[in-house]
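Hello,

Here is the structure we discussed. Please open it alongside this email; my notes follow below.

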Amino acid sequence: MAGINLTNSVPSTFILTGIPGLEAEHLWISIPFAIFYMIGMLGNFTLLFVVGKEETLHKPMYLLLCMLALTDIGTTTSIMPKALFIFWFNLNIITVGGCLTQMFFLHSVSIMHSAVLMAMAFDRYVAICRPLRYTTILTNTRIAILGLVGLIRSVLLALPLPLFLSRQPFCPNLIISHTHCEHIAVVKLSCADTTVNRTYGLMMAFVVMGSDLMLIALSYSLITRAILRISSRKAHQKALNTCTAHICVMLTSYSSVLFTTLTHRFGQGIAPYVHIILADLFFLVPPMLNPIIYGVKTKELGDKVGKYTCRVISWATEFKSARQVGERRSPC
């Protein structure tokens, strides 16, 4: 991405304002943002560690959870370090190449996130509607292939966004009223006709969300039909519980993307600082909640996380006790 042609663009840098109108409160705003970011990183890296260490979790469902965790890490890490630098140190300058690179990673990871949610819906469909063939239909190899296809799709769909912008001349006003290089915010800085950029960005958002949501809705309509045919109340409840976590994650993820996309284009009546704060929270809160939701709703994963948590606490206690003993024996 660093090699993108920028010869048509006069500036070499942009200025990210952070949250316009609330510059004096940047330090206070950064506190919950930093806490959410650290909790999200801790939760997702813990999920990756536990699944990686436990061979009993090397199953399609948990491999998909690892993909989801990686996309959550990528989404927040693509925007939060720079946002925190703006809040803490007022380092609000970003190169044009860096801005377009950030835009590419943010959108490509977001598209990949949608693909993972779609694959997880298919996983739930096979688990409930074709339980006897689950292990033959969904193997670890096929999950890896699905992940690779999703990655290629995300790169191909997101790449035109910075490529189109790299050929646009920009106006003298190089200020981006945001904490990160959101596509439409950068498009507004161009002095040339941006119809292609705006149309592609909007079409990409609706095509990706539309196609993925359509397939997810199809999966859950088939799941609902299968559940309604179950006569046993206990089996009925068990089938519903297997979908609860995915539904919660899906609602938090798609509602945030849809809100951000629509308000940036049609929400002229919304105060800019409200939009920016909510947009940042929508990139922070779902990645923080996802590992918690799956840790609570998935008993097997929750038990393994609990086991490693107890080990860490035990090691910390032993280390503290050994240190206290060493301090008592040391000469004054």
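This is a predicted model: local features need pLDDT of at least 70, side-chain atom pairs count only at pLDDT 80 or more; totals for chains, interfaces and linings use all residues.

In total, 21 residues line the largest pocket. Nearest its centre lie M61, R124, A127, K238 and T242.

Which elements give two or more residues to the lining? They are α2, α3 (96-129), α4 (134-137), α9 (233-266) and α11 (299-329). The most comes from α9, which gives 6 residues to the lining of the largest pocket.

Next, a helix pair. Helix α2, already listed for the pocket lining, spans residues 60-89 and packs against helix α5, residues 140-158. The angle between α2 and α5 is about 25 degrees, and their axes are 9 Å apart. Angles under 35 degrees count as roughly parallel, so α2 is roughly parallel to α5. The crossing of the two helices is right-handed.

Which residues make the contact? On the α2 side they are P60, L63, L64 and M67. On the α5 side they are N140, I143, A144 and G147. By class, the residues of this contact are 6 nonpolar and 2 polar, with no charged ones.

Best wishes

Key: Residues are numbered from 1 along each chain as its sequence is written. Side-chain values use heavy atoms; hydrogens and water are left out. Axes are lines fitted to C-alpha atoms, for helices over the stretch in contact, and angles run from 0 to 180 degrees between N-to-C directions. Helices (H or I, at least four residues) and strands (E, at least two) are DSSP runs, numbered from the N terminus. Angles under 35 degrees count as roughly parallel, over 145 as roughly antiparallel, 65 to 115 as roughly perpendicular and the rest as oblique. A crossing is left-handed if the near helix is turned anticlockwise from the far one by less than a right angle, and right-handed if clockwise. Contact means heavy atoms within 4.5 Å. Ala, Val, Leu, Ile, Met, Phe, Trp, Tyr, Cys and Pro count as nonpolar, Asp, Glu, Lys and Arg as charged, and the others, Gly among them, as polar. On a 1 Å grid over the protein atoms alone, a cavity is a set of points where a 1.4 Å probe fits but cannot get out, and a pocket is an open set with protein on both sides within 12 Å along at least five of seven lines; lining residues have an atom within 4 Å of a point.
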